[in-house]
Amino acid sequence: MGFFDGLDAEKYDRTYSDSDLVKRIVGYFKPQWKRLVLISFLTLAIAGAGSLMPVTVSRGVDLLEGVPTLWGVIAVAGAVMAIGLIMWLCNWALRRLITTAIAEVVAELSTQAYTASVEHDLSFYDEFSSGKIVSRITSDTRDFGELVSLITDVGSMFIEALILAVILLIIEWKLSLYVFALIPIVTVLGILYRTVARKVTRQGMRAMANVNATIKETVSGISVAKNFRQEASIYDEFTAANDTSYKVNVRRGLALAVVFPTLNAIAMIATGVMVLAGGHSVIAGVVTLGAWYLFISSLDRFLFPIMNLTSFWSSIQNGLSASERVFALIDTPTAVVQTAADAVPLLKGQITFENVSFHYKESEQILSGFNLRIDAGENLAIVGHTGAGKTSIAKLIARFYEFQEGRILIDGHDIRSFNLEDYRRRLGVVSQVPFLFSGTVEENIRYARRDATVKEILSLARKIGDGEWLDTLPQGLATEVGERGTRLSMGQRQLVALMRVLVQHPAIFILDEATASIDPFTEWQIQQALDLILQQSTSILIAHRLSTVKSADRIIVMENGRIIEEGNHLGLLAQGGHYALLYNTYFRHQSLEYVEHAREMAAAAGEE
């Protein structure tokens with residue numbers, strides 16, 4: 001296994017030039033232009049005051065050559081203190097403005113990244129780890145904020161360096177050339193260092209994203225891991241990802257640490273040269289002692305911004321890599337594309353598939369030239385072996401995936417012409433494993449319809465088994481469901497999920513029925529909830545229970561993406577075809593006749 005295995009870029013990653021990134025970042029700060037004007041003014045004030053400090057002190061040194069007066073010394077000390085106070089006040093105001101501006105920009109960037117992730121279709125999440133996506137929305141946007149703060153600091157230093165450069169040239173241009181000669185050397189080092197810094201920074205961020213993804217997956221599946229006593233296995237997975245992150249970051253640290261000793265060595269050499277050249281100039285009477293001090297003290301101030309830009313290159317590259325990763329998430333187009341955004345009329349629920357072809361991957365064709373018509377108000381059950389295409393039909397109707405050929409019509413309208421958000425409000429979807437959010441039962445039921453009243457919810461709940469399922473909950477509607485609904489039984493979760501759809505009054509209902517076994521009383525309650533929904537909507541039922549199949553208006557039998565049989569329960573049984581085989585294999589043991597026969601056989605065996 002290679003050292004960088006698992007650290008490859010995601011397919012949706014893209015490379016942006018530094019100029020493109022800068023333009024993009026500047027665009028986020030345009031709404032902050034008033035603050036930016038104040039920030040620029042304060043930055044100039046700080047830089048100007050900072051450059052005046054060594055000039056003021058150098059004038060004080062010149063005073064020492066003669067007979068300094070008390071008032072002269074007091075004036076120099078007062079000027080230094082005044083400059084220091086001005087710098088402190090300006091810095092305080094600058095930090096407040098920068099912090100507020102960056103916080104608003106980071107919040108906007110996080111919102112855009114989160115919105116982009118939410119708008120992506122399910123195929124995006126089939127292919128890419130949600131843990132890594134979370135890392136981009138949280139860690140990378142934070143690093144982006146640090147980049148902007150750092151650039152502001154370095155910018156202030158550069159302005160100060162430019163002011164000092166002008167002062168140094170005015171005082172003694174020959175000595176200034178010694179200082180300026182270092183600029184190309186430091187700049188070349190920075191350019192050479194840039195490529196290495198960006199590469200190791202990207203690898204470090206990908207390694208951390210892998211750690212986040214591993215943590216999310218193992219914590220989400222902790223109950224399964226404990227059930228199969230695989231704590232050691234998930235610990236090994238985390239340790240492997242964490243070790244890779246550790247090694248990547250050690251190499252990153254070693255690569256980035258080279259810059260500081262190099263720059264310090266250059267600074268020491270420069271100081272030695274300036275002491276020698278400046279001292280010789282003082283002896284020759286070319287410059288005053290104060291001017292010599294000004295050059296020595298200004299050397300650090302002048303080189304510091306350039307050295308900082310290089311030494312902070314790792315942090316700058318970290319921020320640029322972070323912004324690159326966030327922008328890649330934002331810029332990735334969704335696979336589901338609407339051709340228009342028409343308002344959705346009151347739907348009757350007629351659904352028509354016309355020569356629809358669909359695949360998740362090009363090598364795995366699911367539907368090919370598929371045709372199906374579902375009448376308004378019809379309850380259609382879809383059965384078939386795993387991989388037959390049952391769930392794919394439901395997901396295409398919900399626009400969770402994009403089909404490649406053909407058309408899907410809803411009441412004669414192309415499904416791609418609807419406003420997608422408006423259209424999905426007319427759908428009620430219950431997945432095979434009902435997902436509940438942390439919160440109360442009431443909050444989960446009202447998830448799709450915030451204006452649903454408690455009275456309305458209780459009225460509907462009482463229609464399901466006289467509301468006995470609600471009475472079994474410790475605090476009724478106020479019962480906390482826990483993360484993913486773990487505090488409720490599977491049957492209770494299904495009832496809450498069905499109630500969520502029931503209060504929504506959808507025009508089209510899609511049910512991918514759970515395969516988990518539940519007690520007969522709960523199944524009866526679930527069937528009552530289903531009956532209430534089926535009365536008011538066109539329903540597509542991916543059925544795993546005999547009671548659901550038998551209650552459907554029509555049953556279609558799928559195999560390899562094709563409809564091979566259709567009809568009602570009794571008619572299909574009479575044909576003795578594929579449905580009859582499925583019935584005898586999967587459904588028959590759920591029938592009352594089968595249970596009574598098994599009971600009679602057991603009783604007979606006991607008598608013998």
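**Entry 1: the main core.** I began with the largest nonpolar core, which has 37 residues, and noted that Ile 25, Leu 109, Phe 144, Phe 327 and Ile 330 touch the most other members. By nonpolar core I mean a set of buried Ala, Val, Leu, Ile, Met, Phe, Trp, Tyr and Cys residues joined through side-chain atoms within 4.5 Å; buried stands for under 20% relative accessible area, exposed for over 50% and partly exposed for what lies in between, with a 1.4 Å probe and protein chains only. Two or more residues of this core come from each of helix 1 (18-29), helix 2 (33-65), helix 3 (70-119), helix 5 (130-171) and helix 12 (313-331). Helix 3 gives the most, 12 residues. I then listed the contacts (heavy atoms within 4.5 Å) of Leu 109: beyond its neighbours within four places in sequence, Leu 109 meets Tyr 28, Thr 141, Phe 144, Val 326, Phe 327 and Ile 330. Another core, of 34 residues, lies apart from the one above and includes Ile 374, Leu 380, Phe 418 and Ile 510.

Entry 2: I am working from a predicted model, in which local features need pLDDT of at least 70, side-chain atom pairs count only at pLDDT 80 or more, and totals for chains, interfaces and linings use all residues. Residues are numbered from 1 along each chain as its sequence is written, and side-chain values use heavy atoms, with hydrogens and water left out.

**Entry 3: the whole chain.** I recorded 23 helices and 10 strands, taken as DSSP runs numbered from the N terminus (helices H or I, at least four residues; strands E, at least two). Of the 608 residues, 47% are buried. Among contacts with a separation of 6 or more, 79% join residues 24 or more positions apart.

**Entry 4: helix 13.** I found 6 of the 8 residues of helix 13 (residues 390-397) buried, so the helix is largely enclosed by the rest of the structure. The buried residues are Lys 390, Ser 392, Ile 393, Ala 394, Leu 396 and Ile 397. Just after this helix, Arg 399 has a positive phi of about 60 degrees.

**Entry 5: helices 18 and 19.** I looked up the packing of helix 18 (residues 490-502) on helix 19 (residues 520-534): the angle is about 10 degrees and the axes are 10 Å apart. Helix 18 is therefore roughly parallel to helix 19 (angles under 35 degrees). Among the residues making the contact are Leu 495 and Leu 498 of helix 18 and Ile 526 and Leu 530 of helix 19.

Terms used. Axes are lines fitted to C-alpha atoms, for helices over the stretch in contact, and angles run from 0 to 180 degrees between N-to-C directions. Angles under 35 degrees count as roughly parallel, over 145 as roughly antiparallel, 65 to 115 as roughly perpendicular and the rest as oblique.
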